[in-house]
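Please read the points below with the model open.

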Amino acid sequence: MMKAQSNLPVDGARLWADLMALAEITEPGKPYTRRSFSALFLEGRAWLTRRFEEAGLTVRLDAGGNLIGRLEGSDPSAGTIMMGSHSDTVPSGGRFDGIAGVLTALEALRSLRESGKVLKHAVEVVDFLAEEPSEHGLSCIGSRAMAGALAPEMLDYRDGVGERLGDAIDRVGGKVANLEQALRQDVAAFFELHIEQGIVLESRGIDLGIVTAIVGIARVEIRFEGRADHAGTTPMDLRRDAGAAAARTIAFAADRAKELAAAGRGHFVATAGVVELAPNASNVVPGQARIVFDIRGEDQALVHEFMAELDEATAAIAEAGGVARNAWNILSDAKPTACDPRLRELLTQSARDLGFSTLSMASGAGHDAAFVARFAPSAMVFVPCRDGRSHAPEEWAEPDAIAAGAAAIYEAVLRFDAGAEQTQRDREN
Ligand code: HGY
Ligand code: MN
Ligand code: MN
């Protein structure tokens, strides 16, 4: 268990109060749910805006719909140190996934301002829009926009009620007509705190994780078209059962992914998190089936090998089942991302000098840092979460652990700023 530290440079109690207050803004009876683009999400954004303003930050929304709080530095040529994560949740998710990263960044900035220290760099806290897969089927929407990776065709993805993603971004304050304004050339470093969403740190009694790499994530949508028929009168050998094709596909993927996960080629996982049948009635042979796979790996070649096998298997399953595979859509295919070695070292040293143990580890979860890393050196610090549970209301992290992570980021920001000065002096000598 983390040993509580009293002399941290951040206010852990204030940070915890923020976390619990934002957790209150959730769908009643379905904790904790604050889906991107929803009215509740906007209520959470309004709360964050007030907290950013109370902390003395200048606040804006960029063209990608990202909420940004900023504290200017003493040297405009030094650029910006950015921190942040996301405030949206999965359905019935947790109170810490993403939210801890936004609020620890806010706490670090508040503490920095209250300390009277003025950094050379400007410092920002960012709440990235829609990190979780939105109802349109896309994740990391705001950080993709900032990285110039929000492709025009993605803006036409529609949600369950037919709203275009581009219209949704505009509706929450972005401006897709001027997406290029979201691009950043000024970010010198990015730090993201996140709960681990796994069990490694807690099970090994380590205080903080320093992330080496973030897995690449591909999402594939598959549709089968059979024929809806009476479930009682249609002979088995005449059925064109789209549901049976989906079931065979999911079983194939689960077995094959388990084999590849043990192949010694780094972290590898795959799951069918979305399975829809139509007309979805117990006494009707399913005429349609829709599956969305989430496939992740540290080794992108392995992800692509698995996708090729899945493509082949589903074509054979469709053929054998007398159904058509009428959609094979690669919704997204983000490559694995290495975290910046220098920032990792800064985080590790900062954590250790504050008295915390650290472990270098990969991230099986995707994060906004994976897109920020396309335009700025990026690093992540993980905080243990109880039983490794996440994406569930049971998600929990200890107040002291969150405060430790905030302190490590605070310290790493100071050292980066000072280090830049040192590097500057080295360059000049
Ligand atoms: O799915 C993920 O890895 C992240 O929580 N969006
Ligand atoms: Mn998540
Ligand atoms: Mn997250």
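A residue is taken as near a molecule or strand if one of its heavy atoms lies within 4 Å of it.

1. Conventions. This is a predicted model, in which local features need pLDDT of at least 70 and side-chain atom pairs count only at pLDDT 80 or more, while totals for chains, interfaces and linings use all residues. Residues are numbered from 1 along each chain as its sequence is written, chains are lettered from A and ligands numbered from 1 in the order in which they are written, and side-chain values use heavy atoms, with hydrogens and water left out.

2. Surroundings of ligand 1. The shell consists of D97, E131, E132, Q197, R219, R296, A365, G366 and H391. By class, that shell holds one nonpolar, three polar and five charged residues (Ala, Val, Leu, Ile, Met, Phe, Trp, Tyr, Cys and Pro count as nonpolar, Asp, Glu, Lys and Arg as charged, and the others, Gly among them, as polar).

3. Polar contacts of ligand 1. A polar contact is a pair of N or O atoms within 3.5 Å; within protein, one must be able to donate a hydrogen and the other to accept it, and residues adjacent in sequence count only if both atoms are side-chain atoms. E131 places a polar side-chain atom 2.9 Å from a nitrogen atom of ligand 1, and E132 also has a polar side-chain atom 2.9 Å from a nitrogen atom of the ligand. A polar backbone atom of G366 is 2.7 Å from an oxygen atom of ligand 1. The protein buries 94% of the 210 Å² that ligand 1 exposes when taken alone (Shrake-Rupley method, 1.4 Å probe; for residues, only the protein chains shown count as cover).

4. Manganese site. Which protein atoms are the donors of the manganese ion (ligand 3)? They are H86 (NE2), D97 (OD) and H194 (NE2), at 2.1 to 2.3 Å. Donors are N, O and S atoms within 2.8 Å of the metal (3.2 Å for Na, K and Ca); water is not among the atoms, so sites may look incomplete. D97 also bridges to the manganese ion (ligand 2), and the two ions lie 3.4 Å apart.

5. Aromatic pairs. Rings of Phe, Tyr and Trp (its six-membered ring) pair if their centres lie within 6.5 Å; planes under 30 degrees apart count as stacked, over 60 as edge-to-face and the rest as tilted. W16 and W396 form an edge-to-face pair, because their ring centres are 5.3 Å apart and their planes are at 75°. Ring pairs link W16, F96 and W396 into a cluster.
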